[in-house]
Amino acid sequence: MSNSKPTLYTSPSPALLDLYDINNTIVVIIDVFRATSTIATALHNGAKCIIPVDSVAKCIELGKKIEAITAGERDGKIAEGLEYGNSPFEYSKEFISGKTLVLTTTNGTKLLHMALERGAGHIITGSFPNLSAVCDYLIQQQQPVLLGCAAWKDRVNMEDMLFAGAVIHQVKDHFNINCDSSGIAETLYLNAKSDMYGFIKEKNATHYQRLTNFGLEKDIRYCLTPDIANVLPFYEEGKLVVHTGERWL
């Protein structure tokens, strides 16, 4: 058996995804504000599963068909025709436990479907609320990894790169990382880790501005808090479910 370490790369934007070979690779979908934080939270609070879709029309159609909760956002606001949005605070245990959520978002669910179309071997989702679960899993699996940042309409954003950097900082001894975007992400995280909210506020991050304008400071702080919804969302058969054991390899 070879003792060589698997590779790890970071894609800062969906626009760059096709530069990476993601066959036989674990792709981590990262959309910190707020899709992957909300996914972790809903599953942590007992959601049966989450079905990510790439359009509002599909979300509404599927929700009616299977009698599920339909939710999502476009440009940071609840999408027209949907009942619920993309805030983790909407998915309390009392509300979501045992239910199916059909979710569509501007960036995160779009990237997930792009990764599927490009032949991703295996997909999980990551955010600060489930940071340790993601890192532990990647170390355990010892397979090639792509950290895929959802960004904002293909424009690189700060919070997704911060999370990629946090993962890299924890797992780097277990991987072969020859990737400048990974180095940039870790450097960003090391500069910000003592106060990530203060850092993105000081740097006037664009998505910070967008959500603050909607009065969503509470969401921002939650989405930057490590391990408060520490489950591993695992994509299989069209659904995100909580990973409970070996399902791959």
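Predicted model: local features only at pLDDT ≥ 70, side-chain atom pairs only at ≥ 80, totals over all residues.
Q: What makes the protein as compact as a globular protein of its length?
A: The protein, whose secondary structure comes to 10 helices and 10 strands, has a radius of gyration of 17 Å, close to the 18 Å that the globule rule gives for 249 residues, so the protein counts as compact in that sense. Its C-alpha trace spans about 50 × 45 × 30 Å along the principal axes, and 57% of the 249 residues count as buried. Among contacts between residues at least 6 apart in sequence, 77% join residues at least 24 apart.

Q: Why is H5 called largely enclosed by the rest of the structure?
A: Buried means under 20% relative accessible area, and eight of the 11 residues of H5 are buried, so this helix is largely enclosed by the rest of the structure. The buried residues are Leu131, Ser132, Ala133, Val134, Cys135, Tyr137, Leu138 and Gln141, and what covers them includes S2, strand S7 (122-126), S8, H6 and strand S9 (233-236). After H5 comes Gln142, whose phi is positive, near 50 degrees.

Q: Which residues have the most contacts inside the largest nonpolar core, and which elements supply at least two residues of this core?
A: The largest nonpolar core has 45 residues, and those with the most contacts inside it are Leu138 and Leu147. At least two residues each come from strand S2 (26-30), helix H5 (131-141), strand S8 (145-149), helix H6 (158-171), helix H7 (180-192), helix H8 (196-202), helix H9 (206-213) and helix H10 (217-223), and H6 gives the most, with eight residues. Apart from this core lies another, of 28 residues, among them Ile29, Leu111, Met114 and Val231.

Q: What does Leu138 touch, not counting residues up to four places away in sequence?
A: With contact taken as heavy atoms within 4.5 Å, Leu138 touches Ile26, Val28, Ile124, Val145, Leu147, Val167 and Phe175.

Q: How many cavities of 30 Å³ or more are there, and what lines the largest cavity?
A: The count comes to one cavity of 30 Å³ or more, and the largest cavity has a volume of about 50 Å³. Its lining consists of Asp31, Phe33, Arg34, Glu73, Gly76, Asn86, Asn107, Trp152, His207 and Leu211, which divide into three nonpolar, four polar and three charged residues. Two of these lining residues, Phe33 and Arg34, are joined by a cis peptide bond with omega of about 10 degrees, and Arg34 is found in the loop between S2 and helix H1 (35-44).

Q: Why is Asp227 called partly exposed?
A: Partly exposed lies between the 20% limit for buried and the 50% limit for exposed, and the relative accessible area of Asp227 is 33%, so Asp227 is partly exposed. Asp227 is found in the loop between H10 and S9, and, leaving aside neighbours within four places in sequence, Asp227 is in contact with Phe128, Pro129, Asn130, Leu131 and Ser132.

Q: Is Glu237 buried or exposed, and what is its phi?
A: Exposed means over 50% relative accessible area, and Glu237 has 79%, so Glu237 is exposed. Its phi is near 50 degrees, a positive value in a residue other than glycine, and Glu237 is found in the loop between S9 and strand S10 (239-242).

Note on methods: Residues numbered from 1 in each chain as written. Heavy atoms only, no water. Core = buried A, V, L, I, M, F, W, Y, C linked by side-chain atoms within 4.5 Å. Buried < 20%, exposed > 50% of the residue type's maximum accessible area, 1.4 Å probe, protein only. Helix = DSSP H or I, 4+ residues; strand = E, 2+ residues; numbered from the N terminus. 1 Å grid on protein atoms, 1.4 Å probe; cavity = no way out; pocket = protein on both sides within 12 Å on 5 of 7 lines; lining within 4 Å. Points joined across faces, edges and corners; volume = space filled by probe spheres on them. Nonpolar A, V, L, I, M, F, W, Y, C, P; charged D, E, K, R; others polar. Rg over C-alpha atoms; globule rule 2.2 N^0.38 Å.
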